[in-house]
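Please walk through the structure shown below, beginning at a single site and widening the view from there.

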Amino acid sequence: MATTEEIRTDLAEIVNEVTGIPAADVQLEKSFSDDLDVDSLSMVEVVVAAEEKFDVRIPDDEVKNLRTVGDAVTYIEKAQAA
Amino acid sequence: MNRRRVVVTGMGTTSPVGGDVASTWEALVAGTSGVRRLPSDFYPDLPVQIAGSAAVDPAEVLDRVKARRMDRSTQLAMVAALEAWADSGLADGGVDPERLGVAVASGIGGVTTLLSNYDTLLDKGPRRVSPLAVPMLMPNAPAANIGLYVGAKAGVHTPVSACASGNEGVALAVDQIRLGRAEVMVAGGTEAAIHPLPMAAFAQMMALSKTASGPDDDPQAAQRVSRPWDTGRDGFVLGEGAGVLVLEEYEHATARGARIYAEILGTGITNDAHDIAQPDPEGRGGTRAIQRALEDGGISPGDIAHINAHATSTPQGDVAEGLMIHATLGKFADEVVVTSTKSMTGHLLGGAGALESIATVLAIHHRMSPPTINLDNLDPAVELDIPTTARALRSGDIAALNNSFGFGGANVAVAFGSI
């Protein structure tokens with residue numbers, strides 16, 4: 001089972017690949033749209049890449065609830081545990 | 001009121017022979033071919049294994065994050081636009097954004113993005129298709145991205161007329177300035193179609209040369225395949241790249257002390273109304289396009305010192321263009337210095353007319369015609385002065401033509417003049 005920090009690190013790499021934002025800036029409390037400037041299409045790219053990386057399904061309806069990096073990490077942890 | 005005059009104040013390109021205008025021009029004047037064998041793993045079953053790939057990979061020039069949101073055709077166009085915009089000196093607020101437009105063409109659009117996403121759909125399902133696929137593959141993506149970069153708030157256009165697209169981009173931009181819709185237009189064309197599917201399709205049309213594509217052909221043989229007007233020609237070689245010109249209303253350019261490369265004197269756009277793919281064998285549509293460009297520019301046949309021909313290295317088209325030049329220039333056809341730079345770059349499809357516009361402008365600017373390489377035996381059906389090494393053009397006021405013809409019967413001629 002991946003730890004919270006391992007998931008955050010992998011997610012940060014995805015965000016960096018998609019948006020160019022330094023991975024070190026992708027911290028749990030950061031908002032995707034307000035702090036990291038991830039636009040809606042980039043967010044879809046991040047979600048799809050995360051689904052592949054973590055082998056989980058993140059429905060479109062859930063994406064709007066993933067406001068911060070921490071929200072996404074928590075969702076992935078729960079989905080992996082399910 | 002006198003008609004508004006249009007001049008060229010900036011240029012940029014990335015082509016099979018160079019990553020910018022200076023290196024491309026140097027290679028063209030030197031007679032350097034950009035045609036190479038494709039990597040052995042490109043698609044081994046394809047009957048054509050050569051192409052004029054961009055000399056410099058655009059993804060290595062552009063910001064990584066921006067580049068991955070663009071189809072390769074847009075990447076190439078952006079590289080050319082960055083250079084042209086910097087070259088124009090307009091980047092620091094030199095033009096009102098509402099008086100700034102774009103006309104950047106494409107022949108096929110974001111075809112590699114479309115096809116790679118189709119591969120993804122089949123392999124991994126719809127969930128893996130990129131959310132960026134549509135803004136990447138749409139044919140107006142190159143023009144739209146350039147418009148965003150320069151902040152253009154007048155019209156942002158994408159003329160599509162197959163292999164005449166790039167020249168139509170220039171002609172359409174001239175119209176916008178003449179009609180008073182813009183003071184400055186960023187104009188040109190781009191293409192990135194070196195992919196097995198478009199290559200297989202062009203090969204099936206018998207349009208691409210299959211020479212030097214066998215397993216035993218040496219890599220150097222690829223450079224000899226594009227041979228416009230030579231008796232050994234048997235089809236074109238696919239190239240990729242982009243050309244972008246900054247066109248500006250004359251008074252606007254002189255008021256800011258801009259460097260002016262040349263004036264665009266006249267344009268002519270016609271259609272063959274003959275066949276969807278075959279050119280009119282007598283070149284009547286192209287003849288009318290050249291006539292229109294001459295009339296539009298108030299140009300006498302004797303003013304034309306140079307022609308950058310469409311001549312793609314196909315048996316029919318090259319001969320027809322010779323007929324057009326004789327039909328329009330009469331006795332002066334013997335005095336004009338003609339070139340086909342496609343002998344070096346291959347055929348850039350929607351990018352061709354734009355790259356060749358730049359070559360035509362530079363020929364006037366430097367008074368030098370690039371050569372046509374691989375012309376060992378001139379087709380006896382062609383009576384033109386086609387130098388095989390660079391040739392100086394005469395001094396004094398001169399004009400030059402750039403011709404482009406495309407599937408669908410499209411004919412576009414643009415006449416440039418010294419200034």
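**Around a cysteine of chain B**

In this predicted model, B:Cys163 is in contact, once its neighbours within four places in sequence are left aside, with B:Gly107, B:His347, B:Leu349, B:Ala352, B:Ser404, B:Phe405, B:Gly406 and B:Phe407. The cysteine itself is found in the loop between strand S5 (156-157) and helix H8 (165-178) of chain B, and UniProt, in an unreviewed entry, lists B:Cys163 under "active site".

B:Leu349 has its place in the loop between helix H13 (342-345) and helix H14 (352-366) of chain B, and its phi is near 50 degrees, a positive value in a residue other than glycine. With 32 C-beta neighbours inside 10 Å, B:Leu349 also counts as buried.

A positive phi is likewise found at B:Ser313, where the angle is near 90 degrees in a residue other than glycine. B:Ser313 sits in the loop between strand S9 (304-308) and H12 of chain B, and it is buried, with 27 other C-beta atoms within 10 Å. Helix H12 itself (residues 315-329) holds B:His326, which is partly exposed, having 18 other C-beta atoms within 10 Å. The C-alpha atom of B:His326 is separated by 21 Å from that of B:Ala273, and the two residues are 53 residues apart along the chain.

Taken as a whole, chain B has 14 helices and 14 strands, and its C-alpha trace spans about 60 × 55 × 40 Å along its principal axes. Its radius of gyration is 20 Å, which agrees with the value near 22 Å that a compact globule of 419 residues would have. Of those 419 residues, 60% count as buried, and among contacts between residues at least 6 apart in sequence, 82% join residues at least 24 apart. The unreviewed UniProt entry lists residues 3-418 of chain B as "domain: Ketosynthase family 3 (KS3)"; this span is 34% helix and 19% strand, and its end C-alpha atoms lie 18 Å apart.

How many residues does each chain bring to the contact between chain A and chain B? Chain B gives seven residues and chain A gives six. On the side of chain B that touches chain A, three residues are nonpolar, one is polar and three are charged.

H4 of chain A has 13 residues and reaches 18 Å from its first C-alpha to its last, close to the 18 Å expected at 1.5 Å a residue. Its buried residues are A:Val69, A:Ala72, A:Val73, A:Tyr75 and A:Ile76. An α-helix has 3.6 residues a turn, so residues three or four places apart point the same way.

Terms used:
Residues numbered from 1 in each chain as written. Chains lettered and ligands numbered in written order. Predicted model: local features only at pLDDT ≥ 70, side-chain atom pairs only at ≥ 80, totals over all residues. Helix = DSSP H or I, 4+ residues; strand = E, 2+ residues; numbered from the N terminus. Expected span 1.5 Å × (residues − 1). Buried ≥ 20, exposed ≤ 12 C-beta atoms within 10 Å, placed from the backbone. Contact = placed C-beta atoms within 7 Å. Nonpolar A, V, L, I, M, F, W, Y, C, P; charged D, E, K, R; others polar. UniProt positions renumbered as here; feature names shortened; annotations may be inferred. Rg over C-alpha atoms; globule rule 2.2 N^0.38 Å.
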